[in-house]
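Biologist: Let us go through this model together. I will ask, and you answer briefly.

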2 protein chains.
Amino acid sequence: MEQILNTNARAVLEYLRGTYSHPTAMDVYEAVRQSKPRIGLATVYRILHSLAESGLIRELEGFEGVRYDANTNRHDHAICTACGALLDVPLDIALSEESLLEAARTTGLKLSSHEVRIYGRCASCQERDKS
Amino acid sequence: MEQILNTNARAVLEYLRGTYSHPTAMDVYEAVRQSKPRIGLATVYRILHSLAESGLIRELEGFEGVRYDANTNRHDHAICTACGALLDVPLDIALSEESLLEAARTTGLKLSSHEVRIYGRCASCQERDKS
DNA sequence: ATGGGTGCAAATCCTTTGCATCTGC
DNA sequence: GCAGATGCAAAGGATTTGCACCCAT
């Protein structure tokens, strides 16, 4: 599957797979530039879109802009309301199957997935509060 | 509380309170223009930000751009993966208090709120599929 | 007269596009 | 030599900012 990717695309994918942060396109560009100094930002955008389209990565919207994530398994997110930090939740937040189906029914949605977002202050912002 | 708002701000808030759609800043601008033809887009942005900051409205990120919502009660959203439509879920999707707290604990977040997003095809996109 | 709010235009930021060039086959 | 991928620069769209002006106090 991945062997059809060219060297630039592979560098992008590898960078994403090697980080737990949720980089923006610009972050990816800056990181990949180190091994591919001649790559352009437009190419990074093109690669990110095609990787997302082929399902190898996920595009996360709504956390101060668009971010990319190589973890394509369904998972939940924690967002700091103070600094905007975005963390993966390392466990599935359990929800009632029933009310999920009920929500789909009342909205007319043919359910394919869901995500829970939890909001609050992250550890470092709580630290900062104390001082 | 709201009496401290000037007439432009009140027009924006009233428009938002009177719609179930989730308008973008541009939508708000175009709507409010009808009663306030001399208002500028920059002013609409300024008002939206200050209303959001004072908690009178909510700013929703991550649905093909930023949208505004006068419904400040905690609620969940349904998103169409085909057309991007965004709907409020008219009931609370139940989730396990325990796993919510567990998620907060493992991420170090001081929990203040949460949101469930359900994804799938909306009714009209399902219709469209049939033809 | 003073300060905040406003319109307008310019600036910024992020992303996409056009196009000529390069690359691998 | 060709098709697709790329870099670069320009274009686009959304949002923010600078600034002069206006209005209510």
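Biologist: How much area do chain B and chain A bury between them?

Modeller: This is a predicted model, where local features need pLDDT of at least 70, side-chain atom pairs count only at pLDDT 80 or more, and totals for chains, interfaces and linings use all residues. Residues are numbered from 1 along each chain as its sequence is written, chains are lettered from A and ligands numbered from 1 in the order in which they are written, and side-chain values use heavy atoms, with hydrogens and water left out. Buried area is the accessible area (1.4 Å probe) that two parts lose on being put together, summed over both. Of the area between chain B and chain A, 63% lies on carbon and sulfur atoms, and the total is about 3,000 Å².

Biologist: How many salt bridges does the rule find across the interface of chain B and chain A?

Modeller: A salt bridge is a side-chain nitrogen of Lys or Arg within 4 Å of a carboxyl oxygen of Asp or Glu. Across the interface of chain B and chain A, the number found is 0.

Biologist: How are H1(B) and H3(B) oriented to each other?

Modeller: Helices are DSSP runs (H or I, at least four residues), strands likewise (E, at least two), numbered from the N terminus. Axes are lines fitted to C-alpha atoms, for helices over the stretch in contact, with angles from 0 to 180 degrees between N-to-C directions. H1 (residues 7-17) and H3 (residues 41-53) of chain B have axes that come within 10 Å and cross at roughly 70 degrees. With 65 to 115 degrees as the range, H1(B) and H3(B) are therefore roughly perpendicular.

Biologist: In what order do the elements of chain A run from the N terminus on?

Modeller: Chain A has 5 helices and 5 strands. Their order is α-α-α-β-β-β-β-α-β-α.

Terms used. Parallel < 35°, antiparallel > 145°, perpendicular 65-115°, else oblique.
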